[in-house]
Amino acid sequence: MTHIDLKNKYSELKDFLGIISILAILSIILSIIEPRFLSPYNLRNVLRLSAILSLVAYGEAIVIIGGGIDLSIGSIAAVASVLTAMVARSVGIVPGFACGILTGALLGTINGVLISRFRLPAFIATFGMLVYAEGIANYISRGAPIEFMPEGFGVLGSGYLGPIPIPIIISVIVFILAHVMLSKTPFGRYLYAIGGNEKAAWLSGINVKRYRLLAYTISGLLAGLAAVVLTSRINSGQSNLAPSLPFDAIAAAAVGGLSMRGGYGKIYQPVLGAMIISVANNGLNLLNISSYIQMIVIGGVILIAVSWDNLRRNESFMKLITKIHRFRQSEACRN
Amino acid sequence: MRGITKRFPGVRALKSVDFDLQTGEVHVLLGENGAGKSTLIKILSGAYQLDDGEIFIDGSPVRINNPHHASALGISTIYQETNLVPSLSVAENIFLGRLPRIPFLGVVKNKKIVGDSKDILAQLGVHIPTDALVGFLSIAQKQLVEIAKAVSQKTKILIMDEPTSALTAHEIDNLFRLVRKLRANGTGIIYISHRFEEFNEIGDRITVMRDGKKIDTVSVANTSDNELIQMMIGRRLDEKFPKRAVTIGEEVLKVTNLSVNGIFNKINLNLHKGEILGVMGVVGSGSEAIAHAVAGGLQVDFGEKYLNGVKVEIKSPQDAIKHHIGLLTEDRKSLGLMLKLSVRENITLASLDQINRLGFLSLAKEEHISNQYIKKLNILTPSGETITENLSGGNQQKVVIAKWLCRKINILLCVEPTRGVDIGAKVEIYSLLNKLVAEGASVIIFSSDRDEIIGMCDRIIVIRKGEIVAEVPREKFSREEISSYAFGEMYRKQIQAS
């Protein structure tokens, strides 16, 4: 490895540190303004929710790296939630969980087939699925939450393994799997290739259709998993479980620094992004700020994050920044 | 331009280069790929920012911040990669950014742009309808539209980066006629080309660059080709086409009746083991499409393919690779490489399932293999982890070749293998191909460069307008004959006249 590669690794490290510091600063500011933020109960809550959000953020990130986008995960989660609850009530808890995950995978596969085999643009296909799945969820549940879950249903979402909430453990396991998959398997490499230059990937013999399909299946599966955990947490199946889920997931990925153009990205990015968003959401809740303002804030955060990503790649902007930086340094040296 | 320096991550592209242009001259910029010519003109055209140095126009210092600023200063550029909008018409592209509007209403004066475009195209002798969508034009036609666009902007400094690489002889003549007219009008033209016969014909002065430095500026008339080559590569070039004798074995590939409606018709060809077959055809004759069809990238309407006598179905690049056929495309940047990934990742891209056991990538193994190929093919790169984007054209091409070698293909189809590649790297690529066939593989070169085809191939098939018009074995090669087959009657008359 030459000095240039070290420079690349160094800038990757800088990105990582940059995002972590944003998270740290945010948390510190919040703890100062609202000390309740630091209460164990609240912290556990935040971690739990960010764990759930990060599950779908992984799925979304995988799809985005492969050059696509998945707008439907909110509705997929809704269907999964409803079915999980119904099956858990009638057949059993574990079949219920399994059903939720499989439903997610199935709907994700449908997305994948529409996009890879029928060549529908990802935006349109997943948007269609968004509407379609929401309808199904509402129909099955007749618009009402499904309650009276059997004993022990809530363990997954609210329970602990020792001191650690279970959702976090699940999230960590998925994180490790996702990391291994993206960086250590051919599938991961092919995803980066397809997202970077689809035509060249095709001509190099990569089965673009198959891997695209797989990416959406995974995204759906993770949405199903997140739904299962969330449903378990609130102990009821809901058809409006998390309507803003895809946007939160995309936001998490973007804030974490994932490039929306595809072909780029590391797995820690959606995780950190999910944490930042969860912390931000939580903070705004604690401060009793209206949820509409919350949306404005989150929207602003996304815009800033994505603009920063673009600006970083812009040569003249970076030159300006380095000039200012050097100027300040020389000023400091003189004094 | 004085003392121009430019740095990219890991590479110093330009080291204190001086360059000047007089009004009314054609100044040729010559150098191997990676010598820095493209970088220099990109600085002049505002696409890159210089790190050090100064630029003066008409004696006054300027800073060129972006391409828009450059064209306001009277600098126009025609790049190798066309900068047109495929979904807009020819007329709209010519006036891109300067669409004349009716004041107050803000409506585009359609008649004006169509009329003006028609005038310019007529001046150039180009027959493209002004309402044609650029996306449907061939590469050659797109280049002509680019030239029309630059001409219409009434430039003082016109930069042309390899403008003729995809033009026919007739179109090149037209272009030169226009260049002479512009020169007579006082426009200064910077002309980048690898083709010696071209700048001998149209150039006034030549600046030779090598490794990011200016070597010398000389006048075209007083300098011989050999002197120029020596300046370019720093050593004598005795053999441009290293050709060795290889025993040719049995037939390995045969296609019959290959047809794609509207592109080519009833193509029959066969390839033998150890043979280099040449398919000569100008841009637009269908030869590139044939290559893609044989390699599974293009769906055929009719035709059969046989490998070693056995009929096979090759309907996708994956099928082709399974049968050990590789395709070296004509456009490495958009079709052959992942520019944002490293050299190592590109080399191993088509072979991941073979390199890695148990479904997991082994970085160490990949590095080992890719370093082998970097050494074997003499790819000039700081390391295997360098992002492929930062390599020069010739070295990028070598990376694509390495990708196929890594997959151990037996039949390599090359389309325009040395387009946009400098002389030094060209020779290396030719030697590589020779080595390949010496080791038992077979190669088909699809090219419009007749010197290349004649120099490298054992047998030539000539394609014109989608059909085979001649098949010539090596003993019977003659430049003029082959060109006349490829270009048709018109060319034969031209060479008879000259």
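In this predicted model, the axes of helix H3 (residues 73-90) of chain A and helix H4 (residues 93-116) of chain A come within 8 Å and cross at roughly 155 degrees. An angle over 145 degrees counts as roughly antiparallel, and H3(A) and H4(A) are therefore roughly antiparallel to each other. The crossing of H3(A) over H4(A) is right-handed. On the H3(A) side, the residues that make the contact are A:Ile76, A:Val79, A:Ala80, A:Ser81, A:Leu83, A:Thr84, A:Val87 and A:Ala88. On the H4(A) side, the contact includes A:Ile93, A:Pro95, A:Phe97, A:Cys99 and A:Leu107, and among the others are the glycines A:Gly96, A:Gly100, A:Gly104 and A:Gly108. Sorted by class, the residues of this contact are 11 nonpolar, seven polar and no charged.

A second pair of helices in chain A is arranged at another angle. Helix H11 (residues 245-255) of chain A and helix H12 (residues 268-286) of chain A have axes that come within 6 Å and cross at roughly 115 degrees. H11(A) passes H12(A) in a right-handed crossing. From H11(A), the contact uses A:Asp248, A:Ala251, A:Ala252, A:Ala253, A:Ala254 and A:Val255. From H12(A) come A:Gln269, A:Pro270, A:Gly273, A:Ala274, A:Ile276 and A:Ile277. Nine of the residues in the contact of H11(A) with H12(A) are nonpolar, two are polar and one is charged.

How far can these parts of the prediction be trusted? Chain A has an average pLDDT of 82, and 90% of its residues score at least 70. Within chain A, H4(A) has the highest confidence, at 92, while H14(A) has the lowest, at a mean of 65.

Chain A also meets chain B. The contact between them takes 25 residues from chain A and 30 residues from chain B. Four helices of chain A each supply at least two residues of the side that touches chain B: helix H1 (3-33), helix H8 (186-196), helix H9 (198-203) and helix H14 (315-334). H8(A) gives the most to this side, with five residues. By class, the side of chain A that touches chain B has nine nonpolar, nine polar and seven charged residues.

Chain B brings in sheets. One open sheet of six strands in chain B has mixed pairing and the order E6-E7-E8-E3-E9-E10. Strand E6 (75-78) and E10 of chain B stand at the edges with a single partner strand each, so one side of each is left without a neighbour in the sheet. Neighbouring strands of this sheet are turned by 20 degrees against each other on average, direction ignored.

Both senses of pairing can be followed through strand E9 of chain B. Strand E3 (residues 26-31) of chain B runs parallel to E9(B), and five bridges join them. Here B:Leu29 has B:Thr207 in E9(B) as its bridge partner. Strand E9 (residues 205-210) of chain B and strand E10 (residues 213-219) of chain B run antiparallel and are joined by six bridges. In this pair, B:Ile206 stands opposite B:Val218 in E10(B). E9(B) and E10(B) form a hairpin with two residues between them, and B:Asp211 in the turn has a positive phi of about 50 degrees.

Helix H6 (residues 169-184) of chain B lies across E3, E7 and E8 of chain B, and H6(B) runs at about 145 degrees to E8(B).

Chain B has another open sheet of six strands with mixed pairing, in the order E16-E17-E18-E13-E19-E20. Its edge strands are strand E16 (325-328) and strand E20 (467-473) of chain B, each of which pairs on one side only. From one strand to the next, the twist averages 15 degrees. Inside this sheet, strand E13 (residues 276-280) of chain B and strand E18 (residues 442-447) of chain B pair in the parallel sense over five bridges. B:Leu277 stands opposite B:Ile444 in E18(B). Helix H16 (residues 423-438) of chain B packs on the sheet, touching E13, strand E17 (411-415) and E18 of chain B. The direction of H16(B) makes about 145 degrees with that of E18(B).

How values were computed. Residues are numbered from 1 along each chain as its sequence is written. Chains are lettered from A and ligands numbered from 1 in the order in which they are written. This is a predicted model: local features need pLDDT of at least 70, side-chain atom pairs count only at pLDDT 80 or more; totals for chains, interfaces and linings use all residues. Two residues are in contact if their C-beta atoms, placed from the backbone, lie within 7 Å. Ala, Val, Leu, Ile, Met, Phe, Trp, Tyr, Cys and Pro count as nonpolar, Asp, Glu, Lys and Arg as charged, and the others, Gly among them, as polar. Two strands pair if DSSP finds at least two bridges between them. Axes are lines fitted to C-alpha atoms, for helices over the stretch in contact, and angles run from 0 to 180 degrees between N-to-C directions. A crossing is left-handed if the near helix is turned anticlockwise from the far one by less than a right angle, and right-handed if clockwise. pLDDT is the predictor's confidence in each residue, from 0 to 100. Angles under 35 degrees count as roughly parallel, over 145 as roughly antiparallel, 65 to 115 as roughly perpendicular and the rest as oblique.
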